[in-house]
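Good morning, colleagues. Please turn to the sequence and the model on the screen, and I shall guide you through a few places in them.

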Amino acid sequence: MANIEILHPEVRSKIAAGEVIARPSSVVKELIENSIDAYARRIDIVLKDGGKQDILINDDGCGMGRDDILLAVERYATSKLKNVSDLEHITTYGFRGEALASIAEISHFELETSDGSEGSKIIVHGGEFKDIMDSHRPQGTRVKVSDIFFNLPVRSKFLKSGQWERRLIVDVVKSYALINPSIYFSVQEQDRKILDFIAPQSFEDRIRLFFPKRIVDALVQINIKVGAVRFNGFLTRPDFFDRHHMNYLYVNGRPVKYARLFRTITNTYQNPKTPPGFVLNVEVAPSVVDVNIHPTKQEVKFRDERYVLDLLSQAIKTRVFTRVRGVDIQTARYVPTQPGENKSDAKFVQETVLPYPSDNVVEPLTSRESREFWQLHDTYILSQTKSGLVILDQHVAHERIIYESITKGNTGSQRLLFPITLELTPEEYRAYRKTKLLLKELGIEFKEFSAHTVVIDSLPASASVNREDLLDLFKELDGLGNLIKQRNEVAKVVACKGAIKAGQKLSVEEMRSLVDRLFACENPYICPHGRPIVIRFSLDELATRFGR
Ligand code: ADP
Ligand code: MG
């Protein structure tokens, strides 16, 4: 980490200016961020009088060498940013190089640090350098901030009781501890332990440690990546009501106050009587979020805000409200970056192309808008639109069309010219017996010929199936287990088996018809299993990628 440099004036002028230290909790926030940025695994905080008298924070991070310690307390001195262009790729909490200087200016300040080979300690009082000396300590950093605002009596009058200030500090520590479950955190006031978060933990376990069981039991996990945006966290069920204060929002692991993001979540729940609880981290490429709009770095803004917020609303509806267990949902483990690892996830940086799953984000594509269609690898349909390029996955597009038409009961059946006779295995036959009424409702008609032999003579009008698909259908129905009684689960299997496959050649007319039927659907953007159907590349996106 080290190698601190003073920022060039041009870079300084680009950094949101302002005071960052308002009270003891802002000191704690900045120091915790520094410790996490230094890859600490353990952060211990000791307070006196709610931090008004003393704040002591000790970490086992990478520490600093002698050369860096003097620079660290200079204004605009940072090891995390060099050029203006780095502002686009910030993956550390800090980047302004101001915190230590600001803290040292308004307190009695001591910083003792070692990078494992040499240790040193620096003392600064009210911004005035007092002393620097060798120190023998293990690798890591210890900062002691005493008598905050001793030289600014007017500011110190704004501080509240020790108890009050301590509560604010506890809130700050909690917000970082929650999203960094691999780090041990403790807070102590004199001899009393106030917080103690063991580590390493999974995200889920730390949530359990934080919140009462009744809330934890009402949480639904979301961990879904749509294009280049990942939503990772826990939200309460829509029917859950409780007076809780569980509103933790993060962008790339940074605790944020982002009113629009907050409102998007509460508006999606729609019921003002049951405000949702959530711990949610929105992960995006660092280049698509601006963290440099406020000195405290708590306010951020997505560059394409409307787009990300619409994705979130859609994700909550499809993942939390329906509690759909899709392929992306897994036990969330927030795996923090290891020392030396590049914090920016290369995958995110690469995938800046976003599918548009929400109907109010994108106008539907119709064959009138788009006259030309190409097929790629007999699997994807490509089309040019006014604003760029659209790619559809032909299989999931057709799956959505069939699913909506059969579940709405307006499918109509196509009578087969040559009925298909199927010899079923005992398992498949059992699945057939269990689903035959549902299948009829969904447009599949048959006759039983003899034991285990079924003759299919009508299929949903929208489906395109052969014998193999029908045999697969019964195999998959059998695999549904208990879900076999649920109409929509059976419909999903019928839609999947009835849909054209990847690898199937389509004529331009067939592609045109598929696109028109897809966009006549209620939800043309997400397939019944939760996969995206359409991906758009805007001309702007392409221009950015080509560096135009
Ligand atoms: P910023 O975090 O914006 O870079 P700070 O004033 O908070 O600015 O810190 C200045 C520099 O001091 C950091 O860039 C980092 O190199 C170093 N530093 C601060 N705290 C620590 C720490 N706990 N462990 C290791 N290095 C630290
Ligand atoms: Mg910092």
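How many residues surround ligand 1, and which are the closest? Ligand 1 is surrounded by 19 residues, with N34, T78, S79, K80 and G97 the closest; a residue counts here if one of its heavy atoms lies within 4 Å of the molecule.

Before I continue, a word on conventions. This is a predicted model, in which local features need pLDDT of at least 70 and side-chain atom pairs count only at pLDDT 80 or more, while totals for chains, interfaces and linings use all residues. Residues are numbered from 1 along each chain as its sequence is written, chains are lettered from A and ligands numbered from 1 in the order in which they are written, and side-chain values use heavy atoms, with hydrogens and water left out.

Let us return to the ligand. An oxygen atom of ligand 1 is 2.7 Å from an N or O atom in the side chain of K80. Backbone atoms take part as well: a polar backbone atom of R96 is 2.9 Å from an oxygen atom of ligand 1, and a polar backbone atom of F95 is 3.0 Å from an oxygen atom of the ligand. For such polar contacts, the pair of N or O atoms must be within 3.5 Å.

I turn now to the helices, which are DSSP runs of H or I with at least four residues, whereas strands are runs of E with at least two, both numbered from the N terminus. Helix 14 (residues 467-479) and helix 15 (residues 487-498) have axes that come within 9 Å and cross at roughly 155 degrees. That makes helix 14 roughly antiparallel to helix 15, a label for angles over 145 degrees, just as 65 to 115 counts as roughly perpendicular. The axes are lines fitted to C-alpha atoms over the stretch in contact, and angles run from 0 to 180 degrees between N-to-C directions. From helix 14, D469, D472, L473, E476 and L477 meet V490, V493, V494 and K497 of helix 15, where contact means heavy atoms within 4.5 Å. These residues divide into 5 nonpolar, no polar and 4 charged.

Helix 14 also has a partner in helix 13 (residues 426-441): their axes come within 8 Å and cross at roughly 90 degrees. The two helices are therefore roughly perpendicular to each other. The contact involves E427, E428, R430, A431, Y432, T435 and L439 of helix 13, together with L471, F474, K475, L477 and D478 of helix 14.

Finally, some remarks on the backbone. Most residues other than glycine have a negative phi, and most peptide bonds are trans. Another is Q190, whose phi is near 45 degrees; Q190 lies in the loop between strand 9 (184-189) and strand 10. As for the peptide bonds, the one from A199 to P200 is cis, with omega near -5 degrees. P200 is placed in the loop between strand 10 (192-197) and helix 7 (203-210).

Thank you for your attention.

Terms used: Angles under 35 degrees count as roughly parallel, over 145 as roughly antiparallel, 65 to 115 as roughly perpendicular and the rest as oblique. Ala, Val, Leu, Ile, Met, Phe, Trp, Tyr, Cys and Pro count as nonpolar, Asp, Glu, Lys and Arg as charged, and the others, Gly among them, as polar. A polar contact is a pair of N or O atoms within 3.5 Å; within protein, one must be able to donate a hydrogen and the other to accept it, and residues adjacent in sequence count only if both atoms are side-chain atoms.
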